[in-house]
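The stops below say what to select next.

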Amino acid sequence: MGSIETHYCRNCGKEFLTRDKNLEFCNLGCKQKYFETTEDRLRERTCLHCEKVFKPKYVHQKYCCIECSYMHQKVYREMAKNIIMKRRQINESNNPKYLEWKNEIFQRTNTQS
Ligand SMILES: [Zn+2]
Ligand SMILES: [Zn+2]
């Protein structure tokens, strides 16, 4: 028999003592939970770009393939750029709609207090 060693549970991080060198969990519940959540994270999901159902290889995988990831991010970037451009245009010009909106917000905060 080996000596008693301190191990750290891979699920909850708790310190526990064991003689078993290969023991990685403080109890069976923790072991089950760890593998359940790992499997759960790698469960089939829908591609954010083409909406195809796929089995991910990584926990944080959002797209079925590299092409989808690339295309989606490109589209998203364009969208974000357009929103920022539009905001800037509204801010810079004395757009009556923007002034109207500003007045409305101002009045709203005024009447609230
Ligand atoms: Zn544990
Ligand atoms: Zn896809």
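**Start at the hairpin**

Select β1 and β2: they make a hairpin with six residues between them. In the turn, G13 has a positive phi of about 80°. Strands here are DSSP E runs of at least two residues, helices are H or I runs of at least four, and both are numbered from the N terminus.

This is a predicted model, where local features need pLDDT of at least 70, side-chain atom pairs count only at pLDDT 80 or more, and totals for chains, interfaces and linings use all residues. Residues are numbered from 1 along each chain as its sequence is written, while chains are lettered from A and ligands numbered from 1 in the order in which they are written.

β1 covers residues 5-8 and β2 covers residues 15-18. The two run antiparallel, joined by four bridges. Strands count as paired if DSSP finds at least two bridges between them. Which residue in β2 is the bridge partner of E5? Select T18.

**Next, helix α1**

Select residues 28-41, which form α1. This helix has 14 residues and reaches 20 Å from its first C-alpha to its last. That is close to the 20 Å expected at 1.5 Å a residue; the expected span is 1.5 Å times one less than the number of residues.

Now pick G29, in α1. G29 is exposed because 11 other C-beta atoms lie within 10 Å. G29 and N11 are 18 residues apart in sequence, yet 9.4 Å apart in space, C-alpha to C-alpha.

**Then the β3-β4 loop**

Select E51, in the loop between β3 (45-46) and β4 (53-54). E51 has a positive phi of about 65° although it is not a glycine. Is E51 buried or exposed? E51 counts as exposed, because it has 9 C-beta neighbours inside 10 Å.

**Zoom out**

Show the whole chain. The order along the sequence is β-β-α-β-β-α-α, with three helices and four strands. The C-alpha trace spans about 85 × 45 × 20 Å along its principal axes. Of the 113 residues in the chain, 5% are buried.

Notes:
Buried ≥ 20, exposed ≤ 12 C-beta atoms within 10 Å, placed from the backbone.
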